[in-house]
Amino acid sequence: MQAGKKEEIMNLKKERSEKTKRSSSDEGLLSASGGRIRPVAMGVAVALMLVLTQFSPVVAEEAAAGNSAAGNSASLENTVPDAAQLMKEAHLVMFYAADDGVAEVQMKIVNSRGKERLREFAMMRLDLEEGGRQDYYTYFRKPHDVSRMSFMVHKLPKKTDNRWIYIPSVDLIKRISSDDKASSFVGSDFTYEDISGRHWTEDDHKLLKEDTYNNRKVYVVESIPREKYKGFARKVTFIDAENRLILKEEYYNAKGELARIFTAERIEEHDGILTPAYRKMENVKKKQYTTVEFSGIRYNVGMKESIFSERFLKNPPREYIK
């Protein structure tokens with residue numbers, strides 16, 4: 001990656017982060033508990049609208065006029081960005097926040113009989129290209145049979161990802177298949193693609209309507225894969241109109257049946273960045289669900305690309321994984 005291009009991306013992210021951080025000082029910033037999100041103060045809304053102007057000149061015009069982009073359904077056609085633009089913005093907000101990030105994760109898998117399985121791991125992420133290449137690192141702590149196992153991904157949008165796993169019981173690093181983006185992530189109801197995000201250019205998008213979800217104004221977007229895909233045949237996404245966070249997603253199979261439902265159950269602010277810190281994926285067909293709770297969230301820690309190498313699979317970076 002050229003140094004100039006990387007510096008340009010870093011500056012863009014820094015600008016977005018600073019604007020969001022300034023907005024967070026206003027009273028009433030997004031915060032949620034039990035799935036209910038409190039209203040955002042008008043000053044924050046205006047600041048967030050300014051952030052969005054990087055992506056949408058239509059929204060910028062509305063902000064300059066002092067209007068809400070979602071405030072008048074009668075002018076929907078003239079005020080709302082197109083569906084593909086909305087999905088792009090939502091993707092960047094959800095999966096490319098800041099330059100890097102680290103967090104502890106507790107995953108709970110609950111089957112149809114109510115039996116629970118727990119997984120605990122640390123996750124690290126480094127963005128190398130805005131909306132493009134990313135590196136991921138996962139270090140498992142519990143349960144005992146996967147303790148000290150590590151998993152690394154070099155995400156290459158529009159191409160096949162590179163993945164490695166380290167199995168401590170046999171002291172083995174193995175490169176693994178990456179043609180299974182729609183497969184379960186560590187036995188949960190999330191897929192690998194749910195964790196890293198599906199690139200918006202892989203689907204055709206259509207804005208269905210404006211609506212309200214958990215007292216938030218949302219845009220509802222339908223997405224259809226451009227090529228046959230086993231993960232879903234149709235997806236409906238509920239995007240927060242003010243900050244572009246994805247609040248809910250419905251996944252339908254080829255028969256038109258609702259298969260899975262994703263919900264952002266709790267949203268928190270960390271380092272000035274709004275983060276869905278508690279997420280749930282319900283498998284409607286299997287009548288089971290998985291929850292993921294993040295803690296110790298940190299952004300812009302200055303992570304180095306060299307960490308995402310085979311050498312560190314055996315020896316996790318202690319400055320981030322203690």
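## The largest pocket

In this predicted model, 26 residues line the largest pocket, and those nearest its centre are Ala182, Lys230, Gly231, Ala259 and Arg260. Two elements give two or more residues to this lining: strand E12 (246–252) and strand E13 (258–270). Strands are DSSP runs of E with at least two residues, helices are runs of H or I with at least four, and both are numbered from the N terminus.

A pocket is an open set of points on a 1 Å grid over the protein atoms alone, where a 1.4 Å probe fits and protein lies on both sides within 12 Å along at least five of seven lines; lining residues have an atom within 4 Å of a point. The space in the largest pocket is about 490 Å³. By type, its lining holds 10 nonpolar, 9 polar and 7 charged residues, with Gly counted as polar.

## A cis peptide bond

Lys142 and Pro143 are joined by a cis peptide bond, with omega near 5 degrees. Pro143 belongs to the loop between strand E5 (134–142) and strand E6 (150–155).

## Positive phi angles

Ala98 is not a glycine, yet its phi is positive, at about 60 degrees. The loop that holds Ala98 runs between helix H5 (83–95) and strand E3 (100–110).

Val186 sits in the loop between strand E8 (172–175) and helix H6 (192–196). Its relative accessibility of 21% makes Val186 partly exposed, a class between buried and exposed, the latter being over 50%.

## Basis of the values

Residues are numbered from 1 along each chain as its sequence is written, and side-chain values use heavy atoms, leaving out hydrogens and water. Local features need pLDDT of at least 70 and side-chain atom pairs count only at pLDDT 80 or more, while totals for chains, interfaces and linings use all residues.

Definitions and conventions
Grid points are joined across faces, edges and corners, and a volume is the space filled by probe spheres set on the points. Buried means under 20% relative accessible area, exposed over 50%, partly exposed in between (1.4 Å probe, protein chains only).
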